[in-house]
Amino acid sequence: MPTRSPGNSAKPPARTAVCMGTGRQNNAPRQRSSAAERPFPWPFRGVATTPSYDTTDIRSFFDRCAATGSPEQHGHARRLLEYRLTLVRSLARPRPTDVLLDLGCGNGHHLLALGPEVARGIGIDVSPGMIELARARLRSSPLSGNLSFEVDNAEQLTGVADQSVDLVICIGAFEHMLDKRSVLASIHRVLKCGGRFFCLTPRADYVWYRSIAPLLGIATKHLSSDHMLTHDEFFALLDEAGFRHSRSVPWTFIPKGDMPATAALLLTVLDAIGRHARLDCLRGGLSLCAWKGAKPTSQREDHR
Ligand SMILES: C[S@@+](CC[C@H](N)C(=O)[O-])C[C@H]1O[C@@H](n2cnc3c(N)ncnc32)[C@H](O)[C@@H]1O
């Protein structure tokens with residue numbers, strides 16, 4: 001999930017940095033402006049967007065997050081973790097014989113929870129700080145014999161052999177990865193035939209990102225290089241990478257730590273409306289599973 005910013009780097013703002021909104025000078029003439037440009041008299045300006053140009057910037061940002069212990073920012077940690085695990089289990093169905101690879105594993109909490117349900121689990125992350133956190137949790141876990149955590153870049157996955165993995169999961173990390181085509185090509189390479197790729201990611205056309213936050217002048221990007229996709233963009237990339245069978249369901253993702261409490265309340269109501277009216281742009285996230293090769297016919301169809 002997007003993480004609260006640990007502070008800005010000294011580099012100049014990137015072109016893609018989110019506009020934080022600028023107040024009109026008192027003596028400046030009033031001009032017509034679009035909703036996206038209009039300043040809003042709101043004290044909350046959103047997250048501090050850290051300029052980011054390359055993997056080194058992303059690594060150091062998440063190393064600084066790791067130094068704070070990387071706590072959950074968007075709600076009750078245990079409940080949100082259980083909800084995400086439910087989505088993994090219902091869409092991707094981990095099996096006792098599976099080799100499971102967690103991309104952008106962060107502090108390792110998803111892999112540690114799923115470890116007892118699979119044969120072997122590998123967590124990789126580009127941030128050495130995050131991998132240290134995950135290894136520390138692993139050392140204190142009683143059910144840890146089949147898990148390991150390594151520093152690696154999801155764009156290359158240099159430490160993972162071709163066709164050696166049954167299930168790849170990527171939770172709240174894909175939006176931070178720079179070269180999404182390379183990431184998907186690597187996933188396709190390491191998956192066995194019939195293997196699954198499961199991803200939870202915020203969607204670009206979420207009403208908060210697309211309309212409400214710009215209207216209020218609230219910044220939503222933690223790293224200027226963060227890039228979310230719409231459902232159709234993601235599925236086009238999956239198809240390009242060779243995944244011919246994919247399905248998705250909405251994921252209730254409300255980045256509560258990045259917004260005022262009133263906005264979080266409004267988005268909770270909109271999420272409930274979206275759930276009943278099947279308006280996916282009112283739901284913050286996308287939960288998807290893609291199969292390398294044929295999709296098993298036994299997969300259920302509705303997990304809204
Ligand atoms: C918001 S954290 C999410 C961590 C974890 N999956 C969770 O849900 O708690 C995103 C993680 O993705 C990692 N990451 C970003 N780009 C990466 C890349 N190219 N390869 C591997 N990890 C990456 C970051 O270091 C960070 O730990």
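Trainee: At what angle do H1 and helix H4 (residues 128–139) pack?
Mentor: This is a predicted model, in which local features need pLDDT of at least 70 and side-chain atom pairs count only at pLDDT 80 or more, while totals for chains, interfaces and linings use all residues. Residues are numbered from 1 along each chain as its sequence is written. Helices (H or I, at least four residues) and strands (E, at least two) are DSSP runs numbered from the N terminus, and axes are lines fitted to C-alpha atoms, for helices over the stretch in contact, with angles running from 0 to 180 degrees between N-to-C directions. On that basis the axes of H1 and H4 lie 7 Å apart, and the angle between them is about 35 degrees.

Trainee: How many residues of the contact of H1 with H4 are nonpolar?
Mentor: Phe62, Asp63, Ala66 and Ala67 of H1 meet Pro128, Gly129, Met130, Glu132 and Leu133 of H4, where contact requires C-beta atoms, placed from the backbone, within 7 Å. Ala, Val, Leu, Ile, Met, Phe, Trp, Tyr, Cys and Pro count as nonpolar, Asp, Glu, Lys and Arg as charged, and the others, Gly among them, as polar. The contact then divides into one polar residue, two charged residues and, as nonpolar, six.

Trainee: Which elements give two or more residues to the shell around the ligand?
Mentor: The ligand is surrounded by 22 residues (C-beta atom, placed from the backbone, within 6 Å), and Phe62, Gly104, Gly106, Ala154 and Ala173 are the closest. By class, the shell has 13 nonpolar, seven polar and two charged residues. The elements that contribute two or more residues are helix H1 (55–67) and strand S2 (120–125).

Trainee: Against which helix do the buried residues of H6 pack?
Mentor: In helix H6 (residues 207–216), the buried residues are Trp208, Ala213, Pro214 and Leu216. Seen down the helix axis, they fall within an arc of 155 degrees (taken over the directions from the axis to the C-beta atoms), so they line one face of H6. The helix that these residues pack against is H8 (261–277).

Trainee: How far apart in space are methionine 228 and alanine 204, C-alpha to C-alpha?
Mentor: Methionine 228 lies in the loop between H6 and helix H7 (231–241), and it is buried because 22 other C-beta atoms lie within 10 Å. Methionine 228 touches Glu175, Thr201, Pro202, Arg203, Ala204 and Tyr209, not counting residues up to four places away in sequence. Although methionine 228 and alanine 204 are 24 residues apart in sequence, their separation in space is 5.0 Å.

Terms used. Contact = placed C-beta atoms within 7 Å. Buried ≥ 20, exposed ≤ 12 C-beta atoms within 10 Å, placed from the backbone.
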